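Thank you all for coming. I would like to walk through one model this morning, beginning with the strands and helices and ending at the metal site.

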Amino acid sequence: MTSESEICFAAESTLGKLAKWLRILGFDTSYEPGFSAEKDIDSGRKKRILLTRTERVLDCKLSQEFIFIKSNNPFEQLREVINTLGIIYTDTRLFSRCIRCNTHIEQVDKDSVQGNVPDFIWETRDIFWKCGRCRRIYWPGSHTERSHDIIIRLFDRHDKL
Ligand SMILES: [Zn+2]
């Protein structure tokens, strides 16, 4: 498997939850609610692996790499992507990306986020990250809740997390 920086995705509008999960795993995933594989196929997204549920895309002669997603279940969809590309746990960069806007998040001083996070969070956490684009603030537990369980099942990593 190549490094995660070489894998990036463009998710169709019906695949918002899958896009969020790919961002949690650290993969560059563009997702715009209006994006349709059929209409927007040539709009500068050629280097991205298209994730689509549009069956008609299968009949098109696409120059772009794509994965046709069969399942309705976001977790199973994620498994389809992981299995198709042979992604393994060490290819991921967990919780390194803003799940809202896909930007890399960066660690910031605790003092700089006081007043911008709930008081009890500020008092009980020492590490914070911030998205430079949408300004969303993350802390250990903020977008990791329940995610670990799912990631453990996904990669069968019962002993490593
Ligand atoms: Zn953001």
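Before the first pairing, a word on terms: two strands pair here if DSSP finds at least two bridges between them, and helices (H or I, at least four residues) and strands (E, at least two) are DSSP runs, numbered from the N terminus. This is a predicted model, in which local features need pLDDT of at least 70 and side-chain atom pairs count only at pLDDT 80 or more, whereas totals for chains, interfaces and linings use all residues. Residues are numbered from 1 along each chain as its sequence is written, and side-chain values use heavy atoms, with hydrogens and water left out.

With those terms in hand, the protein chain comes to five helices and seven strands, and from the N terminus on its elements run β-α-β-α-β-β-α-β-α-β-β-α. Of the 161 residues in the protein chain, 45% are buried, where buried means under 20% relative accessible area, exposed over 50%, and partly exposed in between, with a 1.4 Å probe and protein chains only.

Just after H1, Gly 26 takes a positive phi of about 100 degrees.

Helix H3, residues 74–85, is the next one to look at. Its 12 residues should span 16 Å at 1.5 Å a residue, and the end C-alpha atoms are 17 Å apart, which agrees; the expected span is 1.5 Å times one less than the number of residues. In H3, the buried residues are Phe 75, Gln 77, Leu 78, Glu 80, Val 81, Ile 82 and Leu 85, and what covers them includes S1, helix H1 (16–24), strand S3 (49–52), strand S4 (66–68) and helix H5 (147–155). In the loop between S4 and H3 sits Ser 71, which counts as buried because its relative accessibility is 16%. Leaving aside residues up to four places away in sequence, Ser 71 touches Arg 53, Glu 76, Gln 77 and Glu 80.

Most residues other than glycine have a negative phi. Phe 95, in the loop between H3 and S5, has a positive phi near 55 degrees, and Asn 102, found in the loop between H3 and S5 as well, has a positive phi of about 80 degrees although it is not a glycine. Phe 95 is buried, with a relative accessible area of 15%, and Asn 102 is buried at 12%.

Three strands form an open sheet in the order S5-S6-S7, with antiparallel pairing, and the edge strands, each pairing on one side only, are S5 (105–108) and S7 (137–138). Two bridges join S6 (residues 128–131) to S7, and Lys 130 stands opposite Ile 137 in S7.

Which residues supply the protein donors of the zinc ion? They are Cys 98, Cys 101, Cys 131 and Cys 134, each through SG, lying 2.3 Å from the ion; donors are N, O and S atoms within 2.8 Å of the metal (3.2 Å for Na, K and Ca), and water is not among the atoms, so sites may look incomplete. Along the chain the donors follow the spacing C-x2-C-x29-C-x2-C. The arrangement is tetrahedral because the four donor atoms subtend angles of 95 to 119 degrees around the zinc ion, the criterion for four donors being that all angles lie between 85 and 135 degrees. Cys 131 is buried at 0% relative accessibility, whereas Cys 134 is partly exposed, with a relative accessible area of 24%.

Notes: Tetrahedral: all angles 85-135°; square planar, octahedral: opposite > 155°, others 65-115°. Contact = heavy atoms within 4.5 Å.
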